[in-house]
Amino acid sequence: MKTNFKFWLLLVFAAIAFQGCQEEDPIIPEEVVVLPPETVTTVQGFYLLNEGNMNMNKASLDYYDYETGTYKRNVYGQANPDATLGLGDVGNDIGIYGSKLYTVINNSNKVEVMDIVTAKRLKVIDAKNCRYITFANGKAYLSAYDGEVQLGENSPNGFVAEIDTTSLAITRTVKVGRQPEEMAIVGNKLYVANSGGYSPPDYEKTVSVIDLSTFTKIKDIEVAINLHRIEADEDGDLYVSSRGDYFNIRPKLFVIDTKTDNIKKTFDIACSNITIAGEKAYIIGSEFSYATGDWAINYSMINVKTETLLSESYLPKAVSDEIVMPYGIAVDPVSLNVYVTDAGDYVSPGKLYCIDKNGNTKFTVTTGDIPAHFAFKTKKTIINP
């Protein structure tokens, strides 16, 4: 869930308003839309996790199949009709590892593990206020706030849990900073961005570094306040975003050299979402300021080899002008098609745009509410899935 301060307050107020009056929603049937097919390479398609609104149990899962061109909305509900509350409350992250699909359902305090082909539930892993997931060497790593959904100064430090991807059991946990967000693995080290987002203006400023062998925190790297995104490039450099304080401290994007664990570069741009494919980082910057009461939005690219900000955008102007609130982004690692989502007004179905590497719009399709997180389904097989 993208947590700028204004949007977070709205979510907290919504949680209070709806607490105790939540009803079981009917299962929404699967819907199929025919889109242009894509050439199947190592990538066969992708799942898109729609967050849904807090306390509404409207998280949902879509799937786009490259070979047939079919876009299926609400595949989880179709595959799991006995799940009376659907996928759950606030889909915050998604990942594929081996034969399993993992969705992190934040406000339902769980990870739903599914079969990658059928989307049928295999297991539910309980984890309080879980946030993001990543994978390495037969393990899944899950960040979690370890606290209730509330603002305040007394929130506990969060943790990262290690999950065995065969037994689907939590095997080890380690404490990190307050409200940890995204993670990245480079070599034998796991890096997690701490936000402290529940206690403004007392934000966290660090990236915690975990040794995966001992599963202990070995250091904290001081970066900037209110960290969120973290993505590794092919050379092992980390791109880490700071959201600022939405008042006087502007958002920035930092590059950390994991050989030294020092900051090597700073970009003065907002980065609400980022993905790296090949030599380029693709960035959505949606920056809210209380000084102006408005949003500043940018679509930027960085050459990660030269670490330079490029002048061109990856979106054609006709698309960027149409998008109300850019939210999710993914880039097919082979075709370099760019997939960008529009959350719109946050309460209605969103949109997904497909843009080819030359900047041409290939299709637009309606999604679930707040389309946000992608996981590409590939032919690659992982040992010990």
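Reply: **The pocket lining and its surroundings**

Sorted by class, the lining of the largest pocket has 27 nonpolar, twelve polar and nine charged residues (nonpolar: Ala, Val, Leu, Ile, Met, Phe, Trp, Tyr, Cys and Pro; charged: Asp, Glu, Lys and Arg; polar: the others, Gly among them). Bear in mind that this is a predicted model, where local features need pLDDT of at least 70 and side-chain atom pairs count only at pLDDT 80 or more, while totals for chains, interfaces and linings use all residues. Residues are numbered from 1 along each chain as its sequence is written, and side-chain values use heavy atoms, with hydrogens and water left out.

The volume of the largest pocket is about 1,700 Å³. For the method: on a 1 Å grid over the protein atoms alone, a pocket is an open set of points where a 1.4 Å probe fits, with protein on both sides within 12 Å along at least five of seven lines, and lining residues have an atom within 4 Å of a point. Points are joined across faces, edges and corners, and the volume is the space filled by probe spheres set on them. The lining counts 48 residues, and those closest to the pocket centre are Ile96, Thr134, Glu231, Phe374 and Phe376.

Where does the lining come from? At least two residues each are supplied by strand 2 (43-50), strand 5, strand 9 (130-136), strand 13 (180-186), strand 17 (227-232), strand 21 (273-277), strand 25 (326-331) and strand 29 (371-378). (A strand is a DSSP run of E, at least two residues, numbered from the N terminus.) Strand 29 gives the largest share, seven residues.

Let's start with strand 29, then. Strand 29 pairs with strand 2 in the antiparallel sense over seven bridges (two strands pair if DSSP finds at least two bridges between them). Leu48 has Phe374 in strand 29 as its bridge partner, and Phe374 is also one of the residues closest to the pocket centre. Both strands belong to an open, antiparallel sheet of five strands, ordered 1-4-3-2-29. Its edges are strand 1 (31-34) and strand 29, each of which pairs on one side only.

Strand 5, another contributor to the lining, sits in an open sheet of four strands in the order 5-6-7-8, again with antiparallel pairing. Strand 5 (91-97) and strand 8 (121-126) are the edge strands with a single partner each, so one side of each has no neighbour in the sheet. At the strand 8 end, strand 7 (residues 110-115) pairs with strand 8 in the antiparallel sense over five bridges, and Lys110 faces Asp126 of strand 8.

Arg131 is buried, with a relative accessible area of 0% (buried means under 20%, using a 1.4 Å probe and protein chains only). The side chain of Arg131 makes a polar contact of 3.4 Å with that of Tyr145 (a pair of N or O atoms within 3.5 Å; within protein, one must be able to donate a hydrogen and the other to accept it, and residues adjacent in sequence count only if both atoms are side-chain atoms).

Six of its six residues are buried, so strand 25 is largely enclosed by the rest of the structure. Strand 25 pairs with strand 26 (residues 338-342) in the antiparallel sense over four bridges, with Ala330 bridged to Tyr339 in strand 26. Six residues separate the two strands in this hairpin, and Leu336 has a positive phi near 65° there.

Most residues other than glycine have a negative phi, and most peptide bonds are trans. In the hairpin of strand 11 and strand 12, with five residues between the strands, Leu168 in the turn has a positive phi of about 60°. Strand 11 (residues 159-164) and strand 12 (residues 170-175) pair in the antiparallel sense over five bridges, and Phe159 stands opposite Lys175 of strand 12.

Phe215 is not a glycine, yet its phi is positive at about 50°. Phe215 lies in the loop between strand 15 and strand 16 (216-222) and is buried, at 4% relative accessible area. Glu307 also has a positive phi, near 55°. Its place is the loop between strand 23 (294-303) and strand 24 (308-309), and Glu307 is buried at 13% relative accessible area.

Finally, the peptide bond joining Pro200 and Pro201 is cis, with omega about 5°. Pro201 is in the loop between strand 14 (189-194) and strand 15 (206-211).

Notes. Buried < 20%, exposed > 50% of the residue type's maximum accessible area, 1.4 Å probe, protein only.
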